[in-house]
Amino acid sequence: MKAIAVIPGKPDSIHLREVPAPRVEDVAGGRGVLVRVLRVGVDGTDKEINAAEYGAPPPGDDYLILGHESLGRVQAVGPAVSGLAAGDLVVATVRRPGSSLYDLIGMQDMTTDDTYFERGINLRHGYLAELYAESADFLVRLPEALREVGVLLEPASVAEKAIAQAWEIQRRLRVWRPRRAAVLGTGTLGLLASLFLRLRGLAVVALGRVDPPFLNSDLLAEIGAAYRSTARTSLAEAAAAHGPFDLILEGTGFSPLVFEAMEALGKNGVLAMVSISGGDRRSEVPCDRINQGFVLGNKVAFGSVNASREDFERGAADLVRAELTFPGWLDRLITHRIRGLENYRQLLDTLTSAKGAIKVVCEVAP
């Protein structure tokens, strides 16, 4: 079968190749599910893997099939599978268990292992292929109503985890009732996080670099969220005008903004950091003022990566709510649909340089 792959460690090695077709029997214990891929979303992770910044092939292979944002349809199931049947629409989670205590109890998104096993990212093949086989344990069933937008579930799960973790942490307050939130970054993740916070009744201000109007700011306005350009409004000014912020979700990848967020956070507030920043960027920060504000204000800052099955399931429920509350809104996040695995170069070029791109998707099968 055909798949889009890279040679890890070799820059710009993306290519189309023939690979062995998977089988239900490839998964142990009769728990196998064979899935035909319908569409796969791509993001900065795929671009960085193709640039040889990270990523490793599965043992025994010298290539890695890309793609961690999947949507597919079940073709066949093993004898020990219940709850899934041929024809079901499914999304596969990304991370697979390692050896830590957290992995053993199904919380591999919280692993303490240094090595991650992630489909399409590290040591496990991804979903940019015609078919894949997976254990039913890592598949989430979706209603047909999400057929066109279910590919958004993986980035949605990342936002869901951060939001759920914030609520879980704030149980310490017993009566935490957040009213105002700021979302830093207005790409796919930031837009979905803003959506989910609005569905929970919070007033949301999203901050990005581009001056409005543009599609992202229009989408935010349609769900009742405000947008502010950081070229004209600082985070401190946004906090003065729209805060104090009970929750800030930082997803820009610009690390100095984390420290600005710490200052903008309201008393008893929580800062969720979901972006991964590489490099060796340095900046001067008002350490004493931040420290004092956190202590006297009982503030919390935490990091969140990947997502659990529960986060995927919560995301599926919120995507359904969004379709009912804001019909057609999710579909507008998918700005570019590239048809066919053979158009892998166009897929990558669109991801890299298309003006106004939010979510770029490969349409693998009709």
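Guide: Let us begin with a term: contact means heavy atoms within 4.5 Å. This is a predicted model, in which local features need pLDDT of at least 70 and side-chain atom pairs count only at pLDDT 80 or more, while totals for chains, interfaces and linings use all residues. Residues are numbered from 1 along each chain as its sequence is written, and side-chain values use heavy atoms, with hydrogens and water left out.

Visitor: Which residues is Phe196 in contact with, leaving aside its neighbours within four places in sequence?
Guide: Phe196 touches Ala156, Ala159, Glu160, Ile163, Asp318 and Leu319.

Visitor: What makes a set of residues a nonpolar core?
Guide: The set must hold buried Ala, Val, Leu, Ile, Met, Phe, Trp, Tyr and Cys residues joined through side-chain atoms within 4.5 Å. Buried means under 20% relative accessible area, exposed over 50%, and partly exposed in between, using a 1.4 Å probe and protein chains only. The largest such core here has 55 residues, and Leu195, Phe196, Trp329 and Leu330 have the most contacts inside it. Helix α4 (residues 188-199) gives the most to this core, with seven residues. A second, separate core of 31 residues includes Ile4, Val94, Tyr127 and Leu139.

Visitor: How do you know where helices and strands begin and end?
Guide: Both are DSSP runs numbered from the N terminus: H or I over at least four residues for helices, E over at least two for strands.

Visitor: What makes two strands a pair?
Guide: DSSP must find at least two bridges between them. Strands β15 (residues 245-250) and β16 (residues 265-273) have five bridges and run in the parallel sense, so they pass that test. Within this pairing, Leu249 stands opposite Ala272 in β16.

Visitor: What is the strand order in the open sheet?
Guide: The six strands run β14-β13-β12-β15-β16-β17, with parallel pairing. At the edges are β14 (226-229) and β17 (300-303), each pairing on one side only.

Visitor: Why is the pair of Trp167 and Trp176 called edge-to-face?
Guide: Rings of Phe, Tyr and Trp (its six-membered ring) pair if their centres lie within 6.5 Å; planes under 30 degrees apart count as stacked, over 60 as edge-to-face and the rest as tilted. For Trp167 and Trp176 the centres are 5.2 Å apart and the planes stand at 70 degrees, so the pair is edge-to-face. The structure holds three aromatic pairs.

Visitor: Are these two residues, Trp167 and Trp176, buried or partly exposed?
Guide: Trp167 has 30% relative accessibility, so it counts as partly exposed. Trp176, at 15%, is therefore buried.

Visitor: What makes a charge sit over a ring?
Guide: NZ of Lys or CZ of Arg must be within 6 Å of the ring centre and within 35 degrees of the ring normal. The charged end of Arg95 sits over the ring of Tyr116, 4.2 Å from its centre. Arg96 lies over the face of Phe138, at 4.3 Å from the ring centre.

Visitor: Why is Arg174 called exposed?
Guide: Its relative accessible area is 80%, so Arg174 is exposed. Arg174 is in the loop between α3 (153-169) and β12 (180-184), and has a positive phi of about 70 degrees although it is not a glycine.
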